[in-house]
Structures are given as structure tokens and as C-alpha cells.
Amino acid sequence: MARISTWVGIALAGALTLSLAGCSSTGGKRAEDARAAAAAEGKAAVNTPRWTFAMITHAGDGDTFWDIVQSGAKQAAVKDNIRFLYSHDDEGQQQAQLVDAAVDKKVDGIIVTLAKPDAVKASLARAREAGIPVVTVNSGSAESKEFGALTHIGQDETVAGEAVGEELNERGREKALCVLHEQGNVGHEQRCDGVAKTFDGTLVRLHVNGTSMPDVQSAIEARLQSDPGLDAVVTLGAPYADTAVKAREGAGSDAEIDTFDLNAKVAAGLEDGSLGFAVDQQPYLQGYQAVDLLWLYRYNADVLGGGRPVLTGPQVVTGDDAAELREYTRRGTR
């Protein structure tokens, strides 16, 4: 299970290789500065047509995870001369209607999440019939190819859950609470299934109303009070980690709070010790790569993945990594 320092080293090595290829170090620096300036001024780095890409996700209101996804997508859109449209709804049928609306607008590419795949299947069939290329992100890796998508970008949710189970074992945990905050989200079920697969202890599931943080807090607090044997709480999204910390305090529990996904509050919690660890799936990369891959397909018929998902995680991060991540989380890219 790779720690983030390993990945950062790989990324830095790759960046160094690219900067040295075909140019001097000075020339590479100038090129980087030019690209940064172009992005800052909102200028495209290519002269391809101004295509329109629509991203439709299952995000609920106030979920900061999707702000990071959008950040990546918007920055790639500037670079690729793309008009970027974003919409979301956490109800499957409403998400399907948003996909239908994008098809009716005759967009040049669609990026979509498949948290509730059956709900959007027919809409994606319409997109295929209209000749609109589709890339799936974040959730739905198992259904992506079947639904005709070019590729899927994200983490394998079961594998991510298995990483959590292994980390809980290393920390000596014996009974964990897996908090599911969105009913019907297949990815969330897969995460808890993955934890159960590798965790040597007992895993208990708790379904909560993720649209109301007070309800989430009271539900977790009540479970911790009624079951003092719980020594770990695993939330499935970064915004819920802080709420779980408050629930632990209210219950007078010593349970460790761990979470999937990363944001500025989670990084701070890792640093101050109120959180144990987080599993990062790099949402910025999901948004950025989705736009980039659609642009590459429109421009050059390129497809990545070879029929398999392009994985952006999981990466287990702890307090040892928090200081390094602080800059990235503050600017909204991790």
C-alpha cells in the first residue's frame, strides 16, 4: 500500500523527465512559465475548435469533493479550449434528465458518474446514438464499458475499501463503523464491502441521511453511545469526517475517525491528530483527465486504459503526509 511520498516522488520524476526532453532546463522553465501565464489569463494552449463538454454528476448540494473535481475539469478546459458545462443531482432520475438535456444540446462530449447506473443507462444509450463520446468518472467502473463509455477514470471502490481494512488491521482496530451517507450509491456499498473483505475485526454498517449534517452527527453519536466496543468510524466522504469527530466528542468515545477522500479540513484533522487516516482518490485528477481524454479523442481519436479503468487511487495518507498536502488542499486541488 503506497504512501503518498512514493507517489509524489514518481510525479516529480515524471515532471523532470518531461522538462528535460527535447529542450534545455532553461527552455523547459520558460515553457512552463508560458503555460502557467496562459492558464492564468484564461487562454487556450491549443488551436482546436471550441468544443463543448458537459459533466453531469450525482453530487449532493454542499459536497466539497465535487468542487475539487470541477477545479480540475475547468483548468483542463481552459487549456484545451473547451466550453465546460457542469450540472448535478443526487437523485438518479434527475441526473438522467440532465444527461438527456446535454444530448439535446448536442454537446461534443459527456462526462458522467454512475453512482446509480440503472437510472442513467437509457440516457447514455441516447448519447451513443447521437454520436457523443462519453467518459465516466468516479463511480461505475464496472458498468462503464457496458454502457459504451470510452474509458472510466477513478478508483476501484472495492480495492479502496480493502486498503482501509488493511490499514485498520495495522492500527489494531477490532470493531469499525462504516457510515453510508447516500442511499442507493453502489460505490459506497462497494467501499464497505471492501473494508469487510480485508478487515480482521467486525464491521458494522450505518445508513444516515447525508443531506443533513445534524442528522448524521446524531446518528453516529447514538451508535457510539450504544456500542462502546466500536474503536473506529469510517466515513465515506471528506465532509462527513469532521461531523464524525463531533459525534465522537458528544458520545465520549475514543474511537478513531478515518475517512475516504481528502479536503482542507481532513488534512488539518490528520495534522492535529483528530483523524487517523484518509484514502485519497485524487478528484482533481478525475476532472482534469476526463476533459483531457475527451479532447484527445475529439482531436486524435486517442483512448487510454485499453478497455480497463484509469485508476486515480487509492492512496492512504496520514498525519505524516498532512504538512505536504496542506498547500494543495488550501488551493482546492487535493
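The structure holds 1 disulfide, a term applied here to a pair of cysteine sulfur atoms within 2.5 Å. The bond joins C178 to C192, with an S to S distance of 2.1 Å. C178 belongs to strand β6 and C192 to helix α8 (residues 186-198), so the pair ties together parts that are 14 residues apart in sequence. Helices (H or I, at least four residues) and strands (E, at least two) are DSSP runs, numbered from the N terminus. The angle about the S-S bond is -85°, and the link of C178 and C192 is left-handed. C178 and C192 are both buried, where buried means under 20% relative accessible area, exposed over 50%, and partly exposed in between (1.4 Å probe, protein chains only).

The model is predicted, with local features requiring pLDDT of at least 70 and side-chain atom pairs counting only at pLDDT 80 or more, while totals for chains, interfaces and linings use all residues. Residues are numbered from 1 along each chain as its sequence is written, and side-chain values use heavy atoms, with hydrogens and water left out.

The secondary structure of the protein comprises 13 helices and 12 strands. Of its 334 residues, 50% count as buried. Contact means heavy atoms within 4.5 Å; among contacts between residues at least 6 apart in sequence, 74% join residues at least 24 apart.

Strand β1 (residues 52-57) runs parallel to β2 and is joined to it by 6 bridges. Within this pairing, F53 stands opposite F84 in β2.

Strand β10 (residues 277-280) runs antiparallel to β12, and 4 bridges join the two; F277 stands opposite T318 in β12.

H188 is placed in helix α8 and is buried, with a relative accessible area of 7%. Leaving aside neighbours within four places in sequence, H188 is in contact with L180, H181, E182 and L236. H181 lies in the loop between β6 and α8 and counts as buried at 11% relative accessibility. Not counting residues up to four places away in sequence, H181 touches H188, V208, N209, G210, L236, G237 and Y240.

In soluble globular proteins, nonpolar side chains tend to be buried together. A nonpolar core is a set of buried Ala, Val, Leu, Ile, Met, Phe, Trp, Tyr and Cys residues joined through side-chain atoms within 4.5 Å. The largest such core has 27 residues, and those with the most contacts inside it are L177, I220, V233, V266 and L270. Two or more residues are given to this core by each of β6 (175-180), β7 (202-207), α9 (213-226), α10 (238-251), α11 (264-272) and α13 (319-330). Helix α10 supplies the largest share, 7 residues. Another core, of 21 residues, lies apart from it and includes W51, A73, I153 and W295.

The structure also holds 3 aromatic pairs. Rings of Phe, Tyr and Trp (its six-membered ring) pair if their centres lie within 6.5 Å; planes under 30 degrees apart count as stacked, over 60 as edge-to-face and the rest as tilted. F65 and W66 form an edge-to-face pair, at 5.0 Å centre to centre and 75° between the planes. The ring centres of W295 and Y299 lie 4.9 Å apart with their planes at 15°, so this pair is stacked. Both W295 and Y299 lie in helix α12 (residues 283-300), 4 residues apart, about one turn of the helix. W295 is buried, with a relative accessible area of 10%, whereas Y299 counts as exposed at 51% relative accessibility.

Key:
Two strands pair if DSSP finds at least two bridges between them.
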